[in-house]
Amino acid sequence: MIRKRFYNPAQLFISSFLLLIVLGTCLLKLPIALNQPISWTDSLFTATSAVCVTGLVVVDTATHFTLWGQVFIMLLIQAGGIGILSFAGLFAYFLKGGSSYENQLVIRDFSNTERLGEVFVLLKRTVAITFGVELVGALAIYWSITDLAGTTVADRVFIAMFHAVSSFCNAGFSTLPQGLMDAQVYYNYGFQLAVACIYIFGGLGFPIVINVLKYIKHLLNRLFHKWTTKENYYRPWVMTINSKINLITTSCITGFATLLLLVNEFDHVFADHQGVGKWVIAFATATTPRTAGFNSIDFAQLHFSSILFVMLLMWIGASPNSTGGGIKTSTFALAILNVLSLAKGKDRTEIFRREIATISIQRAFATMFLSLLAIGMAVFAISFFERNRPLLEIAFECFSAYSTVGLSLGVTGDLTQGSKIILILLMFVGRVTMLSVLIAFIKKVRYTHYRYAEEELTIY
């Protein structure tokens, strides 16, 4: 009798991304994908960056890859953005007319869904929202570049599709020679704003988007009942605590970052823009580090203080269960709430008349510690290969890689072979998260029905 082995969700999640990266590396080495030859390392780097929706590039996407190569990159971005397990689970559901209980448990853990019956409902909504937003985004982008010089209708359609997919998946890849700094779109604020709105929507997270749509539907129903039956149709807790915390955190960070960068770079990097243009570029610059990676400006020209602030934004990242990376806005919010609770002398963390579970606090601080540990180790390792390179440039690349952002100070293509390998590993670990890697390879202990006596350690 053959013993069946059950792989935990973390192992399946990591394996699916590894297989997709290997497939992408081979596709990007095909002659039909290249205008000029690239090394296996550069092909692996590009495939990893696309699957992990990072956007760091060692070769120019617009010139080194043919149309087929750019299509391969777009498909890798799409698969990596939604998550290969989402596609696998959904396809199994449709092909078999359902899915096994074991498969549903895997997808449930991957998607953080509480109810087992909602697993495939969430997956179907995720795919529907993804393609729906990308379609609307592509139309908005196409409308903003109708006067793009030297392009045909087919060219503009592909540019719109590629940037819509890359934006929603927070990948940061662009088919324009200089990205969003290309001369033809540099002052095209409609294009810049459309791209920004798409990647912000993608960075909110599918459960949050679905919850917001549900809340809007509830508000409309409430207004309808109030006008027709004069009754107050009210349902409490339609908007979940998770959605409230992430939306508030995202809004606060976005507003503060936009104002800070606008003030700090008003007569410096933003000097070329006037009026509304300054606000649009400041907004794009404040939101792209979390974690879109589009370069509306030359980040190497920012003031030192602005670069440090951008690194903080990259580290925080987008919302959970989204196409973005970083430690996530919920983790950052929980850390702040926990610090405030300790300062007030409280032994628990509370918000919106709810107590935050202890396990959530533990996961938040574990995520923060492991992220800084991985980034620190990468900075230390790259410094061996890049002895004459400034520490700021190395640290910026590492924060960008781990947080799957894709922003750079313009040094990615000049890195040595060893540094590229380290960034490849860092992009992968950043995408699947260090905690998932540990869960995948460390055997879980069995639940025990006893507890030891508590002891407190001296912390400060």
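User: Which elements are included in what covers the buried residues of α12?

Analyst: This is a predicted model, where local features need pLDDT of at least 70, side-chain atom pairs count only at pLDDT 80 or more, and totals for chains, interfaces and linings use all residues. Residues are numbered from 1 along each chain as its sequence is written, and side-chain values use heavy atoms, with hydrogens and water left out. Helices here are DSSP runs of H or I with at least four residues, numbered from the N terminus; buried means under 20% relative accessible area (1.4 Å probe, protein chains only), and contact means heavy atoms within 4.5 Å. The cover over the buried residues of α12 includes α9 (189-202), α11 (241-265) and α13 (304-316).

User: How many of the 12 residues of α12 are buried?

Analyst: Among the buried ones are Gly 277, Val 280 and Ile 281. Helix α12 is largely enclosed by the rest of the structure, because the buried count is 9 of the 12.

User: How far apart are the end C-alpha atoms of helix α12?

Analyst: The expected span is 1.5 Å times one less than the number of residues. For the 12 residues of α12 (residues 276-287) that should be 16 Å, and this agrees with the end C-alpha atoms being 17 Å apart.

User: Which residues does Ser 243 touch, not counting those up to four places away in sequence?

Analyst: Ser 243 sits in helix α11. Ser 243 is buried, with a relative accessible area of 1%. Leaving out residues up to four places away in sequence, Ser 243 touches Ile 208 and Asn 211.

Terms used:
Helices (H or I, at least four residues) and strands (E, at least two) are DSSP runs, numbered from the N terminus. Buried means under 20% relative accessible area, exposed over 50%, partly exposed in between (1.4 Å probe, protein chains only).
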